[in-house]
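Dear colleague,

I am handing over the structure below for your records.

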Amino acid sequence: MILPPRDKKYTAVGLAVLLSVVAVATGFGIAGSAIIAIAGGTAATFLLVNACWLQIPFFPYDRILSAVTDGAGLVWEREGGIRIDVGGVHQSIQVYYPKVVSCGDGYRMYYRAGGKEAIIASAFSADGLAWREEPGVRIGLDNARDLKRIEGHEVVFLNGGWRMYYSGFHGQLWRIYSSRSQDGLTWSAGPLCIDAAPGDALPHVKAPSIVVDSAGFRLFFMAFSKEVIHIRTSYSGDGEVWSSVAECDGMYLDGFVVRNPCVRQMGDGLLRMYFSERECEVNPIGGRIVSAVSRDGLFWHREPGVRIGPGNAQDRHGIFSVDLLPMPVGWRIYYTGYWGWHWLELFTRFQYRWLAGHRPEMALVRSLRLRFSR
């Protein structure tokens with residue numbers, strides 16, 4: 001394991017502070033300077049040992065992982081290693097929302113990168129397992145109508161070019177926009193695609209997933225408020241003008257909230273939706289991937305069991321945001337795993353459980369959590 005950039009920064013700051021305190025205490029003969037020197041030296045030694053040898057992060061991180069299936073799409077086997085990690089070209093604090101497409105002699109992954117001000121970046125792979133981050137920003141904040149965060153996207157190839165549908169947050173609401181590209185690297189700032197109706201109880205829309213067939217485009221997305229999340233759908237003949245939005249039903253389980261639909265055609269007109277599910281919107285611990293099937297895209301039959309649940313070192317706390325890539329035999333699924341072992345794990349667990357039980361205080365704690373962990 002390589003210590004992420006943010007941990008390196010805070011380790012350096014911590015060492016500087018500790019050594020300064022020890023130097024001042026001993027240099028000026030402050031009462032208790034021996035105790036201060038021992039405590040400070042011990043803490044500094046721990047930071048050095050962790051940075052050079054243990055390399056266990058202090059903070060929680062989201063990383064992009066993968067798994068494969070032999071064809072049915074129900075039983076998945078994890079693949080070892082991390083597909084896209086934090087740090088890298090964009091010094092990302094978190095990476096998630098993978099979207100993988102075939103291009104040329106390999107694959108390109110679009111994913112959420114950066115810090116609190118999220119952007120969409122890309123990476124290339126010849127085999128779908130070893131990824132090389134590509135320089136530059138695919139969709140950034142400076143070319144997208146003053147948006148504060150950009151993440152949650154879908155990419156399709158149409159009429160000789162690429163089209164991306166992405167989620168943008170301008171400080172008050174999430175909306176879904178579209179963009180075009182000829183080479184998959186340089187993207188235009190396209191028009192607004194999906195917005196909530198005025199007065200809608202679920203004013204935010206995010207995380208599009210699109211199925212393209214001979215008739216047109218079927219788009220699925222999250223519509224949500226602070227407390228409630230629904231999956232909705234809309235249809236378009238050209239991918240630009242969309243029909244009225246309809247509710248999807250049948251996939252919900254009492255006591256759980258759903259997020260991030262990923263819908264794919266599985267043959268014989270059957271659609272399968274993979275989506276993340278957890279017990280509480282503000283507490284992601286235990287997030288898992290489940291599935292449902294549909295013929296019309298509106299009413300869904302929930303499939304029994306869990307497709308992928310928390311399990312290995314990188315996703316021991318939960319899973320969300322998936323994308324499916326067809327393989328010569330079966331499918332590969334790319335997903336976000338969080339958080340893995342970190343020194344502040346007890347605090348991470350406590351803060352999310354506290355958030356779940358103290359709804360009035362969520363806004364303040366969320367803002368602090370975004371500042372220091374995103």
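Trp339 lies in strand S20, which covers residues 331-339; helices (H or I, at least four residues) and strands (E, at least two) are DSSP runs numbered from the N terminus. The peptide bond leading from Tyr338 to Trp339 is cis, and its omega is near -15°.

This is a predicted model, in which local features need pLDDT of at least 70 and side-chain atom pairs count only at pLDDT 80 or more, while totals for chains, interfaces and linings use all residues. Residues are numbered from 1 along each chain as its sequence is written, and side-chain values use heavy atoms, with hydrogens and water left out.

Two residues other than glycine have a positive phi. Ser321, with phi of about 50°, belongs to strand S19 (residues 318-326). Gln55, with phi near 55°, sits in the loop between helix H2 (33-54) and strand S1 (61-69). Ser321 counts as buried because its relative accessibility is 3%, whereas Gln55 counts as partly exposed because its value is 21%. Here buried means under 20% relative accessible area, exposed over 50% and partly exposed in between (1.4 Å probe, protein chains only).

As for confidence, pLDDT is the predictor's confidence in each residue, from 0 to 100. The protein chain averages a pLDDT of 90, and 93% of the residues score at least 70. Over residues 360-374, however, pLDDT stays under 50. For residues 360-374 the model has 29 contacts (heavy atoms within 4.5 Å) beyond four places in sequence. Where pLDDT is low, the predicted coordinates should not be read in detail.
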